[in-house]
Amino acid sequence: MRSSRGEKHISGAERLLDFAQLEEAASGMLRRALRHPRGSAETISLTVEAQNLAEVKTKPLLRLMTCEVADWQQGRQCAAELLEATGLNPSLIREAVSQLGAGPSPTGGVMRGAILLDADTGERLEADQSRGVRVSRMDIEPDAHREIERLLSTESLANPRVIEAWVLASKVASYREIIAELCWSDDPDYLTGYVASAKNGYQRITRLKESGSEMGGRIFFVRPAAGLASLIDKLEHEPLLFTAPSGEGT
Ligand code: AMP
């Protein structure tokens, strides 16, 4: 689903589910688009596409951790440290964080998808800097729902927003060309963001922006040695379902 008002991106959402759940999921997405904290939508696009179940791979979610911070400044410091722990260059990280805070689209607003940032050169690699790359075709494996909600309920996190971001980050981190991801929401009421990587897992940070700010986005730090086009194609089109994280705890 994608919704907008004029040129302004309002919201988007992606699911990968059984045909029997389609009507319920579609009306949930419509509800969400119509009552979004970024404002009401004028245009809502819903695309439904059949997938061959035999082609859908299953992987475990990243391990989930939460970094509690007092304010967004401390949160951004924490994000920078977590990104550095994945081996990224500190000056590249500073530049990336300020790009996201300032509004990463060419008009200074939010993008519909993510920035692809070359981890060695700092160059932006997405062809359209307003759209970016939209990760799609991922969800929780139906039999794993109960276990994942149980894991999250111990931390009072069992809500669709947390699950969707965790699934998206786990798909992104599953490609070896991706070193890490940084995200905070464009929803003015939602201040939590994360740093995710295959190396160190999904690390939620409780505050990454000021309350009331509509600025947010995602940056994927990449080394696309094997080819940018193939990486973008996998991010946008490869269907993946996720089970509970492997190993102890969340
Ligand atoms: P959200 O977490 O939904 O508030 O989204 C925050 C930002 O992440 C948006 O402004 C987009 O720039 C980006 N984004 C949202 N959904 C996706 C997606 N499926 N793939 C890539 N980037 C996304």
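Two strands count as paired here if DSSP finds at least two bridges between them. Helices (H or I, at least four residues) and strands (E, at least two) are DSSP runs, and their numbers start from the N terminus. You are looking at a predicted model, in which local features need pLDDT of at least 70 and side-chain atom pairs count only at pLDDT 80 or more, while totals for chains, interfaces and linings use all residues. Residues are numbered from 1 along each chain as its sequence is written, and side-chain values use heavy atoms, with hydrogens and water left out.

**View 1. An open parallel sheet is built from three strands in the order E4-E12-E7.**
Strands of a sheet pair through backbone hydrogen bonds, either parallel or antiparallel. In this sheet the pairing is parallel. E4 and E7 stand at the edges with a single partner strand each, so one side of each is left without a neighbour in the sheet. From one strand to the next, the twist averages 30 degrees; axes are lines fitted to C-alpha atoms (for helices, over the stretch in contact), and angles run from 0 to 180 degrees between N-to-C directions.

**View 2. Strand E12 meets its two partners, and a helix packs on the sheet.**
Which residue of E12 is the bridge partner of Lys59? Look for Phe242. Three bridges join strand E7 (residues 138-140) to E12. Here Asp139 stands opposite Leu241, and Met138 has Leu240 as its bridge partner. Helix H5 (residues 160-173) packs on this sheet and touches E7 and E12, its direction making about 125 degrees with that of E7. Contact means heavy atoms within 4.5 Å.

**View 3. A second open sheet, with antiparallel pairing, has the order E2-E1-E3.**
Strand E2 (8-12) and strand E3 (43-45) are at the edges, each with a single partner strand, so one side of each has no neighbour in the sheet. Direction ignored, neighbouring strands of this sheet are turned by 20 degrees against each other on average. Strand E1 (residues 2-5) pairs with E3 over three bridges, and Arg2 stands opposite Ser45 in E3. Helix H1 packs on the sheet, where it touches E1, E2 and E3; the direction of H1 makes about 155 degrees with that of E3.

**View 4. E1 and E2 form a hairpin.**
These strands pair in the antiparallel sense over four bridges. Ser3 has Ser11 as its bridge partner in E2. How many residues lie between E1 and E2? There are two residues between them, and Gly6 in the turn has a positive phi of about 60 degrees.

Helix H1 (22-34), E7 and helix H6 (228-237) each supply at least two, and the largest share, four residues, comes from H1.
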